[in-house]
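I opened the file to look up a few things in order. My notes follow, entry by entry.

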Amino acid sequence: MEKRRGNGRIVTNAISFLLSQITLIVIAVALVLFIGGRFELASATQPNAELEIQQLTSCYALGTDAIGKGNLLEGKNIYRDCFTQDSVLTAIFPDGASETRYGTDSWADFVYSVFQGNGYQATQHLMGTINISVENNKAAMTSYLHATHKRSETSIDVANGTYEDQVVKINGRWKIRNRTLKLIDFLNLSSPTTNSSSTNARSINSSPTFVRPNIPRLKE
């Protein structure tokens, strides 16, 4: 009788040990799946966020070039997709002068007045060397600008600089809240005005010079 009881305890202990091992295995598998799933989600979300943020640079360039073609309304509509309603935009020119506007409509009006005041027929803004740092629902982005402004068939103004942006995620969408453009140059490039083969004439007519663009100021 005692022998049977002993055998029963052994079987019971074996079953209990087996169940505990199975439980540990199930918990371990669940943890791996949970942690792995969260890691994959984070890994997948980060590149998506950076891609969405990067597209904001193209959004702005397209809006600006729409204004460069003379279509102010289209430019304003595009800008609204790139920026928050309370956005602040600043341009700092090579000579130290700066201009700040609040809201995209005000900025679009400023850009339009500059382009029209300088007689630009068309513009082309190229963006590159984009660097993005994401932290939760905020991000910082820098990007390089190379912009061409067509004055005539033989004359263009060329600007180069860096955009520094503070980006936020609102209602599931990334938008720029603060943008600062720091220009390093703003030059006029012109082709020779005659067919003269004179080296001196060609060098004089085609040499780049710093251009201070006609910038309308806010009324005090």
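Where is the place of Asn171? I found Asn171 in the loop between E5 and E6. I took helices (H or I, at least four residues) and strands (E, at least two) as DSSP runs, numbered from the N terminus.

Entry: ground rules. I am working on a predicted model, in which local features need pLDDT of at least 70 and side-chain atom pairs count only at pLDDT 80 or more, while totals for chains, interfaces and linings use all residues. Residues are numbered from 1 along each chain as its sequence is written, and side-chain values use heavy atoms, with hydrogens and water left out.

Entry: positive phi. I looked up the phi of Asn171 and got a value near 55°, which is positive in a residue other than glycine. Asn171 counts as exposed, at 81% relative accessibility. For this I used the relative accessible area: buried is under 20%, exposed is over 50%, and partly exposed is in between (1.4 Å probe, protein chains only). Thr129 also came up, with a positive phi of about 45° although it is not a glycine. Thr129 sits in strand E3 and counts as exposed at 54% relative accessibility.

Entry: the chain as a whole. I counted four helices and seven strands. Along the sequence they follow the pattern α-α-β-β-α-β-β-β-β-α-β. Of the 220 residues, 32% count as buried. I then looked up contacts, meaning heavy atoms within 4.5 Å. Of the contacts with a separation of 6 or more, 56% are between residues 24 or more positions apart. The chain exposes about 13,600 Å², and carbon and sulfur atoms supply 56% of that area. Accessible areas come from the Shrake-Rupley method with a 1.4 Å probe; for residues, only the protein chains shown count as cover.

Entry: nonpolar core. I defined a nonpolar core as a set of buried Ala, Val, Leu, Ile, Met, Phe, Trp, Tyr and Cys residues joined through side-chain atoms within 4.5 Å. The largest one has 35 residues, and those with the most contacts inside it are Ile53, Tyr79, Trp107, Val167 and Trp174. Two or more residues each come from H1, helix H2 (72-82), strand E1 (83-92), H3, strand E3 (122-135), E4, E5 and E6. H1 gives the largest share of this core, seven residues. I listed the contacts of Trp174, leaving aside neighbours within four places in sequence; among them are Ala49, Ile53, Leu56, Val134, Lys138 and Val167.

Entry: Which residues are the closest to the centre of the largest cavity? I first ran the search over the whole structure, which finds one cavity of 30 Å³ or more. A cavity here is a set of points, on a 1 Å grid over the protein atoms alone, where a 1.4 Å probe fits but cannot get out; lining residues have an atom within 4 Å of a point. Grid points are joined across faces, edges and corners, and a volume is the space filled by probe spheres set on the points. The largest cavity has a volume of about 230 Å³. It is lined by 19 residues, and the closest to its centre are Val111, Phe115, His125, His149 and Leu181. Helix H1 (2-68), helix H3 (104-117), strand E4 (138-152), strand E5 (155-170) and strand E6 (173-190) each supply at least two lining residues. H3 gives the largest share, five residues. I sorted the lining into 16 nonpolar, three polar and no charged residues. In that sorting Ala, Val, Leu, Ile, Met, Phe, Trp, Tyr, Cys and Pro are nonpolar, Asp, Glu, Lys and Arg are charged, and the others, Gly among them, are polar.

Entry: single residues. Is Lys76 buried or exposed? Lys76, in helix H2, is buried, with a relative accessible area of 15%. Not counting residues up to four places away in sequence, Lys76 touches Asp105, Ala108 and Asp109.

Thr57 is in helix H1 and counts as buried at 1% relative accessibility. Beyond four places in sequence, Thr57 touches Met127, Ile130, Met141, Ser143 and Arg179.

Thr162 is in strand E5 and counts as partly exposed at 21% relative accessibility. Thr162 and Tyr144 are 18 residues apart in sequence and 4.6 Å apart in space, C-alpha to C-alpha.

Key
1 Å grid on protein atoms, 1.4 Å probe; cavity = no way out; pocket = protein on both sides within 12 Å on 5 of 7 lines; lining within 4 Å.
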